[in-house]
Amino acid sequence: MKKIGFIDYFLDEWHANNYPAWIAARSGGEFEVAYAWGDIPSPHAGGRTNEQWAKDMNITLCGSIEEVIEKSDLLVVLSPDNPEQHLRLSELACKSGKPLYIDKTFAPDAEIASKIMKLAEDNNTPCWSSSALRFAYEYDALKKEGVCGQAIKRIQSFGGGEVGMYCIHQLEPIVSLMGTDAKRVISVGTAELPSVQVEFDGGRIAQVNLIDGAGFSMTIASDKGFRRVDVAGNFWDAFTDNLIEFFRTGNIPVPHEETITIAAIRAALLKSLAAPYTWIEI
């Protein structure tokens, strides 16, 4: 059984609470989250300390990042809601040479994203990041049908949640479908209903819309006609399967160029919210 180590800003968060059981179940016990380290106790009301989390989860709490890296075969840096912590939390893991997954949102901007990826590449550490939404079965079916790349002329994308934290769940599949040639963004929504257009090469547009309570969906205009896609399947299973396959093979499922592009778009998107109806270059 291969041992996975968690490195987190604080351990009592939704991803760290659920990944261990999903990984064990989807891998048939081939992989186990065995070690963890958290920098601070949960800052949320009623949140657990790292010690209590480790006891409840039956996972060994380590005293340092170095100890997690030393004892583990495979590494996961979490901190899903605090991407500003990722460069600091992942630095030693990037130098380890051990397969490393870094949770979404990968980085606050393209500069930091590039630094993390270069650190991993320079140390021959297989490393990647993604939102789970990239792996939704519905989006995978589009790619298999050829509804991707230059064939897509326009996407209207919808999803819920606070824009800074949850826009990644729309940007990830958009870039995976349309490519990395994003040029600029413009905010055309309101503070209550954020809506941002992302312009790709050739004038192709993806519009990101955040509406509280909305499920994830896309309306796509392509060379193959119009399609409405609603994410109804369990994208967490698809994500976990891709994570397990990476642990088995070391093969990176998401190109670094896409991850860096997504970080750049997200940074420009957030900047555009403060200057509506003004194009912001990516």
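This is a predicted model: local features need pLDDT of at least 70, side-chain atom pairs count only at pLDDT 80 or more; totals for chains, interfaces and linings use all residues.

Mentor: Residues are numbered from 1 along each chain as its sequence is written, and side-chain values use heavy atoms, with hydrogens and water left out.

Trainee: In what order do the 7 strands of the open sheet stand?
Mentor: Strands here are DSSP runs of E with at least two residues, helices are runs of H or I with at least four, and both are numbered from the N terminus. Two strands pair if DSSP finds at least two bridges between them. On that basis the pairing in this open sheet is mixed, and the order is E12-E11-E7-E10-E9-E8-E13.

Trainee: Which strands stand at the edges of that sheet?
Mentor: An edge strand has a single partner strand, so one side of it is left without a neighbour in the sheet. The strands in that position are E12 and E13 (280–281).

Trainee: Which residue in E12 stands opposite Ser 217?
Mentor: Ser 217 belongs to E11, where it is the bridge partner of Phe 158, and E7 and E11 run antiparallel with 6 bridges between them. E11 is also joined to E12 by 6 bridges, again antiparallel, and a hairpin connects E11 to E12 through 2 residues. In E12, the residue opposite Ser 217 is Asp 230.

Trainee: How many of the 6 residues of E11 are buried?
Mentor: Buried means under 20% relative accessible area, exposed means over 50%, and partly exposed lies in between, with a 1.4 Å probe and protein chains only. E11 is largely enclosed by the rest of the structure, because the number of its residues that are buried is 5.

Trainee: Which residue in E9 is the bridge partner of Ser 187?
Mentor: Strand E8 (residues 182–187) and strand E9 (residues 195–200) run antiparallel and are joined by 5 bridges. The bridge partner of Ser 187 in E9 is Val 196.

Trainee: How far apart are the closest N and O atoms of Lys 153 and Asp 223?
Mentor: A salt bridge is a side-chain nitrogen of Lys or Arg within 4 Å of a carboxyl oxygen of Asp or Glu, and the structure holds 21 of them. Lys 153 is partly exposed at 40% relative accessibility, while Asp 223 is exposed at 58%. In the salt bridge between Lys 153 and Asp 223, the closest N and O atoms are separated by 3.9 Å. Lys 153 lies in strand E7 (residues 152–159) and Asp 223 in the loop between E11 (217–222) and E12 (225–230), so the pair ties together parts whose separation in sequence is 70 residues.

Trainee: Which helix holds both Asp 140 and Lys 144?
Mentor: Asp 140 and Lys 144 form a salt bridge whose closest N and O atoms are 3.3 Å apart. Asp 140 is partly exposed at 33%, and Lys 144 is exposed at 69%. The two residues are 4 residues apart, about one turn of the helix, and that helix is H6 (residues 137–144).

Trainee: Which residues are linked with Arg 48 in a network of salt bridges?
Mentor: The side chains of Arg 48 and Asp 56 meet in a salt bridge at 3.0 Å, N to O. Arg 48 is partly exposed at 22%, as is Asp 56 at 43%. The residues linked with Arg 48 in the network are Asp 12 and Asp 56.

Trainee: Is Thr 105 buried or exposed?
Mentor: Thr 105 is found in the loop between strand E5 (100–102) and helix H5 (110–122). Not counting residues up to four places away in sequence, Thr 105 has contacts (heavy atoms within 4.5 Å) with Pro 80, Pro 83, His 86, Met 165, Ile 168 and Arg 266. With a relative accessible area of 3%, Thr 105 is buried.

Trainee: What is the relative accessibility of Lys 95?
Mentor: Lys 95 lies in the loop between helix H4 (86–94) and E5. Leaving aside neighbours within four places in sequence, Lys 95 is in contact with Leu 119, Asn 123 and Thr 125. Lys 95 counts as partly exposed, at a relative accessibility of 44%.

Trainee: Which elements give two or more residues to the lining of the largest pocket?
Mentor: On a 1 Å grid over the protein atoms alone, a pocket is an open set of points where a 1.4 Å probe fits, with protein on both sides within 12 Å along at least five of seven lines, and lining residues have an atom within 4 Å of a point. The largest pocket holds about 220 Å³ of space. Of its 13 lining residues, the closest to the centre are Trp 14, His 15, Lys 104, Tyr 166 and Trp 236. The elements that give two or more residues to this lining are helix H1 (14–26), helix H7 (163–166) and helix H9 (235–249).

Methods: Grid points are joined across faces, edges and corners, and a volume is the space filled by probe spheres set on the points.
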